[in-house]
Amino acid sequence: MTRAARPGTSADARPEPRRSAAVCALIGAAVMAAVDEIVFHQILGWHHFYDRSTTSVGLLSDGLLHSAELLALVAGFFLYADLRRRRSLDRAHAWAGFLLGLGAFQLFDGIVDHKLLRLHQIRYGVDLTPYDWAWNIAALVLLLVGAGLAVRAARGSREAGRERGPGGGTP
């Protein structure tokens, strides 16, 4: 088999927009979990992932969150490397997915973990309102920018498909 004939190495490799977005959304969620865990749990010491028990349980929950986030990062980067190896990475969709992953983790944490499940709050002993607003607005901004990039990427994919002509686009 020649190099050009091997799967994933041909010059006409097709981008995989959905997979690119999904893989980078996983990486984005893991990165935001890392930022949350490192900045708010460790550096600032404002909370633990689970604050409704002892400090030891809180530290254990932080370790479990850190382990999950690290596994997601490793898995995400292996999947990303596979997309790159096969020349199937769609960069525009990847950036959209990354920002959507960042925002989705942030919003899930702010709504579900903080308010619905009450696993922890952003801070204790202060008025939570400005913190909650800042946390959730930041998540919404990330989601809106990611959604905007996703729309732009989808339009670009459609236009590229039209340029290839009949039979040249993805089915």
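View 1. Trp-133, Ile-137, Val-141 and Val-145 make a nonpolar surface patch of about 400 Å². To join a patch, residues need over 30% relative accessible area and no salt bridge, with nonpolar side chains (Val, Leu, Ile, Met, Phe, Trp, Tyr) joined within 5 Å and like charges within 9 Å. The areas come from the Shrake-Rupley method with a 1.4 Å probe, and for residues only the protein chains shown count as cover. Val-145 sits in helix α4 (residues 129-164) and is partly exposed, with a relative accessible area of 42%. Here buried means under 20% relative accessible area, exposed means over 50%, and partly exposed falls in between (1.4 Å probe, protein chains only).

A word on the model: it is predicted, with local features needing pLDDT of at least 70 and side-chain atom pairs counting only at pLDDT 80 or more, while totals for chains, interfaces and linings use all residues. Residues are numbered from 1 along each chain as its sequence is written, and side-chain values use heavy atoms, leaving out hydrogens and water.

**View 2. The overall layout.** Helices (H or I, at least four residues) and strands (E, at least two) are DSSP runs, numbered from the N terminus. Of the 171 residues, 33% count as buried.

**View 3. The second largest pocket.** Helix α3 supplies the largest share, four residues. The lining is made up of Cys-24, Ile-27, Phe-77, Tyr-80, Leu-89, Arg-91, Ala-94, Trp-95 and Phe-98. By class, that is eight nonpolar, no polar and one charged residues. (Ala, Val, Leu, Ile, Met, Phe, Trp, Tyr, Cys and Pro count as nonpolar, Asp, Glu, Lys and Arg as charged, and the others, Gly among them, as polar.) A pocket is an open set of points on a 1 Å grid over the protein atoms alone, where a 1.4 Å probe fits, with protein on both sides within 12 Å along at least five of seven lines; lining residues have an atom within 4 Å of a point.

**View 4. Asp-82 and its arginine partners.** Asp-82 meets Arg-85 in a salt bridge (2.7 Å, N to O) and Arg-86 in another (3.0 Å, N to O). A salt bridge means a side-chain nitrogen of Lys or Arg within 4 Å of a carboxyl oxygen of Asp or Glu. Asp-82 and Arg-85 are about one helical turn apart, because they are three residues apart in helix α2. Arg-86 counts as buried, at 18% relative accessibility.

**View 5. A bridge between helices.** Lys-115 forms a salt bridge with Asp-132, the closest N and O atoms being 2.7 Å apart. Lys-115 lies in helix α3 and Asp-132 in helix α4, so the pair ties together parts that are 17 residues apart in sequence. Asp-132 is buried at 12% relative accessibility, while Lys-115 is partly exposed at 29%. Elsewhere, salt bridges that share partners join Glu-16, Arg-19, Asp-82, Arg-85 and Arg-86 into one network. The structure holds five salt bridges.
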